[in-house]
Amino acid sequence: MAFPQVLSCPAVPLSNGLQIPILGLGTSYHGGYSHDGVVYALTECGIRHIDTAKRYGCEEMLGKAIKESGLPRSDLWITNKLWPGDYGYRAAKKACLDSCAEMGLEYFDLYLMHWPESLRPGRSNREMRAETWRALEELYNEGVCRAIGVSNFLVHHLDQLKEDCSVVPHVNQVEYHPFQQPYHLIEYCRQEGIVFEGYSPLAKGQVLSNPTVCRIAEKHKRTPAQICIRWSVQNGVVTIPKSTKKERVLENCRVFEFELDKEDIDSIKKLHDGRHVSWDPTNVE
Ligand code: NDP
């Protein structure tokens, strides 16, 4: 049974006027890619935003799924990420163009520096970030990337980039779920005009058995995953849950038909314990 109208997805404006759909589908390695799941999300659930990275090793397969969906390129929002092994001016430009070729795309809607630490020896992280960012600025000016941003950047990384470069990142993609609520960083991003995007919204599944989340799910007759995704989008955070299973992809899209109330939001706020389920960039200089 098809649900073509499942998703009527709001968008969040970037500082350059583009609109990023607030809900996207994550992809990743370690069992995180499913061709059928991606095609289903695009053709049956109304998903128009896909998040990927060169690091995930699924660019070519994802390119095929996008083509198979039959959707016009202009209807889609495709985010890709530059791996730190490709940092540096020339390497970054080459990696972006190679990723486009791998996916059969002429441009990315958003291209992110994946991580604040450089894996290339000899220069400081700050120097490498600035040099790499200049390559992204050029890719942006050339139209290869319609928006550029960073991922896992904390306030000190963003402050340095601001001093060193001219284009303010359009987006910062950071871990965000009920156990990880970086309010200071979110506030900083809002003040600087950087859209805050959250990854691992289900804490890789860890949050789904939390009693508070389960209680709120029962109250709204929704699933714990829907509560977490709803909480994230209701906070204005661009959200990219990942599932390889069609029924969960559909479940994760159905978060625009209900609202959490103040009591729910207050209860979830108390769940922050600072844990990271992906990476913790705190010690990256
Ligand atoms: P998520 O929080 O999205 O959790 C994914 C896990 O939850 C998978 O094991 C999935 O299993 C399971 N799951 C999904 N939906 C449901 C559901 N409705 N009910 C029960 N279980 C469910 O974690 P991710 O780390 O995958 O983050 C999402 C995306 O964020 C990634 O795919 C990637 O695009 C991005 N990301 C970015 C990072 C960065 O450094 N910039 C780092 C990490 C992630 P199954 O697939 O079997 O359904």
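Modeller: On a 1 Å grid over the protein atoms alone, a cavity is a set of points where a 1.4 Å probe fits but cannot get out, while a pocket is an open set with protein on both sides within 12 Å along at least five of seven lines; lining residues have an atom within 4 Å of a point. Grid points are joined across faces, edges and corners, and a volume is the space filled by probe spheres set on the points. The model is predicted, with local features requiring pLDDT of at least 70 and side-chain atom pairs pLDDT 80 or more, whereas totals for chains, interfaces and linings use all residues. Residues are numbered from 1 along each chain as its sequence is written, and side-chain values use heavy atoms, without hydrogens or water.

The largest pocket has a volume of about 820 Å³. Its lining comprises 36 residues, of which S28, S200, K204, K242 and S278 are the closest to the centre. By class, this lining holds 12 nonpolar, 16 polar and eight charged residues (Ala, Val, Leu, Ile, Met, Phe, Trp, Tyr, Cys and Pro count as nonpolar, Asp, Glu, Lys and Arg as charged, and the others, Gly among them, as polar). Helices α8 (224-234) and α9 (246-253) each supply at least two lining residues, and α9 gives the most, with three (helices are DSSP runs of H or I with at least four residues, numbered from the N terminus).

The ligand sits in this largest pocket, in the sense that more than half of its atoms lie within 2 Å of the pocket's grid points. Around the ligand are 28 residues, the closest being D51, L202, K204, S243 and K245; a residue counts here if one of its heavy atoms lies within 4 Å of the molecule. This shell has 10 nonpolar, 11 polar and seven charged residues, and its largest share, three residues, again comes from α9.

Taken alone, the ligand exposes 900 Å², and the protein buries 88% of that (Shrake-Rupley method, 1.4 Å probe).

The largest cavity has a volume of about 40 Å³, and its lining includes L23, I47, V249 and C253. Helix α9 gives the most to that lining, with three residues.
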